[in-house]
Amino acid sequence: MTSVALLHRITDYANRADPYPLYAELRKTPVVQDEAGPYVVSTYWEIKELLHDPRISSDARNLSPDAPRGPAQEEDPNLPPTFLRLDPPEHDRLRGLANRPFGPPHTPRRVHDMRSELGEIVSGLIDGFRDREGGDGIDLVDTFAYPFPVTVICRLLGVPREDEAHFHQWADTIAASLDPVSAEDREARAETTRQARSDLALYLAGLIEERRKSPRDDMLSAMAAGHGPDGQLSPVEMISTAALLLIAGHETTVNLITNGMLTLLRNPDVLKRLRDDPDLAVPLVEELLRYEPPVQLLPQRTTLTDIEIGGTVIPKGASLWLVLASGNRDPQRFPDPDRFIPNRPDNQHLGLGSGIHSCFGAPLARLEAQLALTELVRRLDNPRLLEDPPVYRQNAVLRGPRHLNIAFDGLK
Amino acid sequence: MPLDGSLQRLRREGHIVVVGASLAGLRAAETLREEGFSGTLTMIGDEPQEPYDRPPLSKQVLLGKVPADHTALPRRRAIDAQWRLGTAATGLDLHAKRVHLSDGSSVEYDRLLITTGVRARPWPNELEADLDGVFVLRTVDDATRLHHRLKAGPRRVLVIGAGFTGSEIASACREQQLPVTVAERGAAPLVGALGAVVGEVAAELQREHGVDLRCGVQVTGLEGDQAGRLRCAHLSDGSTVEADIAVVSLGATRNTEWLAGSGLGAGPRGIACDAGCRAFDVRGIVTDDVFVAGDVARSPHPLFGYQFLSLEHWGNAVAQAEVAAHNMINSSADRRPHVWTPSFWSAQFGVNIKSVGVPPMGEEIIVTQGSLSDRRFTAVYGYRGRVIAAVTFDQAKWLDFYQRQIEQAAPFPPPYPSVDRRPDGMRPVPAGFPDPSLPSHGPTVTLSGHSPADRRVSFTPMRA
């Protein structure tokens, strides 16, 4: 089967900069079992169907013992699993409680009310480019796309500013461990990662306790206070949830922003349109989520029973990979799928997933990307790529540039 | 697309008249323009307002969260229409191709679209219905008046009929801490739409939220004081409810009276049309120039044995309007069928309720995910060994899956395991629908037999 080699090529770092031709190959067989074991689903309608199928589990305990494990994002073994890796009813309980202080119906204004604060953070970071004007350029990842979402998640959770530096440190270390690398590297890094995870957990535990005693207007305070008849998160659940929000909240957004600027710099006409019409940011970010989704595939689903889809029977307990980024380029769903069309109509992409596990932080991620891209194109005079393609991170799942070196003539 | 001369002329300079300027009428008009119709478009509506959205009227508007005049429907595009608002259609002459209007004038058409919808069924005793404090809720004016009265802090609100609208009104009242009594003829709220098993959950929800819920009773009379203000209601169990507001929520009546004698297949159950939205005449012959969409239409559905189906569903109105508009200006080979799977939603007592398919066809029900006691579940209805409908309480994200199960006539009870299957979801139980011939708040989906010329209200056995 040709697809066997394909999957290997998709995870092969050599193809990180442009996996899309490989996805096109993959879509010739909508559902295929790879040599390594997982069933890979690559077409839009089939992925969408499985994301809403109650016979699909996100809980690894339902994998059959001989099924291969995906390139799973490790979690702290000392903490309970997060809702990302659970099915209902536990998933619904944990996600519901986490959502209480974050979104509607209980807290409909949380994200909206952060708008001006987000704007200030963006402005501050861009102001920091000033000393690099006209010089040899900047790395947009290190100077902007990375610090921005980490700062935002700190403010959202309620991490005091003086502690943000620690937070960045732990986030960096843990994020680095998510890149699947060679076994030796992993071994060497394991101890540092364990240390960072346990430091982070300890720190969060202390902060939660503090917020319980003297609450402020932030998510940790609200979680610690607990509400109503649905009960509340236990202390360890709070820590694991907060850690999840921290990691998931910036690992993805950094890619969204970086992919966004990369795409704009590759499409100068679109960049100009956004500069002239900031309202374009809203549909543009949706198109970005379709065109270059920060989460390329979901490798941790499994089947609770034999399921027939796309002419293939996936057996019970099989490991399932849903290649969102491929579904997003499916010509059966999106006309002219390989073109970046910022105001594309009918853009029901899979970039934030779909169904009960759809992106928890979606409203925040969207707003962050909209603000970031609008301000970058408004303020950077004549921005341009210094290398194309840029250097990518190892990770095939959370795919994005490790560096994005750009030059510009001045700052507005 | 090759068009013959007359169709080209219709598209270029024809006259299309839309009677009914609400959701279906507006979306149809937009679709006509979208698809290139450049002739004259006339929009006739009996209400003076431009098209507005009705679902918020029993929710956000009653709560005062959205002013009643802020419910105008968003426009998808300009439709460049001649508006005849505040003017009701009073008659139709199929031969002369004319619509007669309440102001004595008439409008000629090449193609006619009827989207006159439904109105609230009034309280049957007219004298009692005229009492100050007796309301129905269908229009923006109804909602405005009711909202003002609720804001004034009535002693008690009586809701007559616990269908979706009645239950949502009760929910809005409780959210404002108003004392509410709900009187329902059936065994439970929502029983006509969702059956007794789910109705029981709705009943518990209401009681938990402080509703004085009385099931299995009828309101036999409304009594006013000397000033003509509602004072109390008499119930069939001999009790009396002191209330200064009564909201009559006994379902809807189709707006088809204006078509009496027109020769069109129109009656109390709606206007019969084919899957392409073309109206039938009373002889059962399909017309070429009269189309129907929205709540007033009844059309055969392949998933449900080709019985005529009437749907009072927002999504259906939009989908059917788009199909009707497309078919009005295309040749027969390019026409599309309207094969929408029924679906609707409701928000009440903090719960999001959604359903797909035709629950009242269900003989049995099984809870496939979650549990009734948590008020968070997915339940599936079975009819002759296949899945016919599903309902979710706060679990709407699974519905796409069950919709496909319905469309594929998947076996019932579902033979597969699913996430969150509980012990009480292992065996189907009777769904508990009341005999549909009993008047109640009524379901929002009705199967109404196979005859396009059905002009009587009569019970069509669904489980023959």
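Residues are numbered from 1 along each chain as its sequence is written, while chains are lettered from A and ligands numbered from 1 in the order in which they are written. Because the model is predicted, local features need pLDDT of at least 70 and side-chain atom pairs count only at pLDDT 80 or more, whereas totals for chains, interfaces and linings use all residues.

**View 1. Overall form of chain A.** Chain A holds 16 helices and 12 strands (DSSP runs numbered from the N terminus, with H or I of at least four residues for helices and E of at least two for strands). Its radius of gyration, taken over C-alpha atoms, is 21 Å, close to the 22 Å given for 412 residues by the globule rule (2.2 Å times the number of residues to the power 0.38), so chain A is as compact as a globular protein of that length. Along the principal axes, the C-alpha atoms of chain A fill a box of roughly 55 × 55 × 45 Å. Of the 412 residues, 49% count as buried (20 or more other C-beta atoms within 10 Å of the residue's own, with C-beta atoms placed from the backbone).

**View 2. Packing of helices H12 and H16 in chain A.** H12(A), residues 235-266, and H16(A), residues 362-379, pack at an angle of about 35° with their axes 10 Å apart (axes are lines fitted to C-alpha atoms over the stretch in contact, and angles run from 0 to 180 degrees between N-to-C directions). The crossing is right-handed (the near helix is turned clockwise from the far one by less than a right angle). Residues of H12(A) including Leu256(A), Ile257(A) and Gly260(A) meet residues of H16(A), among them Ala369(A), Ala372(A) and Leu373(A); contact requires C-beta atoms, placed from the backbone, within 7 Å. By class, this contact has 10 nonpolar, three polar and one charged residues (Ala, Val, Leu, Ile, Met, Phe, Trp, Tyr, Cys and Pro count as nonpolar, Asp, Glu, Lys and Arg as charged, and the others, Gly among them, as polar).

**View 3. Domains 2 and 3 of chain B.** An automatic or database assignment divides chain B into domain 1 (5-119 + 253-334), domain 2 (126-251) and domain 3 (343-447). The C-alpha centres of domains 2 and 3 of chain B lie 26 Å apart. Their contact takes 26 residues from domain 2 and 23 residues from domain 3. On the domain 2 side, helices H6 (164-175) and H7 (191-208) of chain B give two or more residues, and H7(B) provides the largest share, 11 residues.

**View 4. Contact between chains A and B.** Here 11 residues of chain B are in contact with 12 residues of chain A. Strand E26 (364-371) and helix H9 (399-407) of chain B each supply at least two residues of the chain B side. That side divides into five nonpolar, three polar and three charged residues.

Notes:
Two residues are in contact if their C-beta atoms, placed from the backbone, lie within 7 Å. A residue is buried if 20 or more other C-beta atoms lie within 10 Å of its own, exposed if 12 or fewer, and partly exposed in between; C-beta atoms are placed from the backbone.
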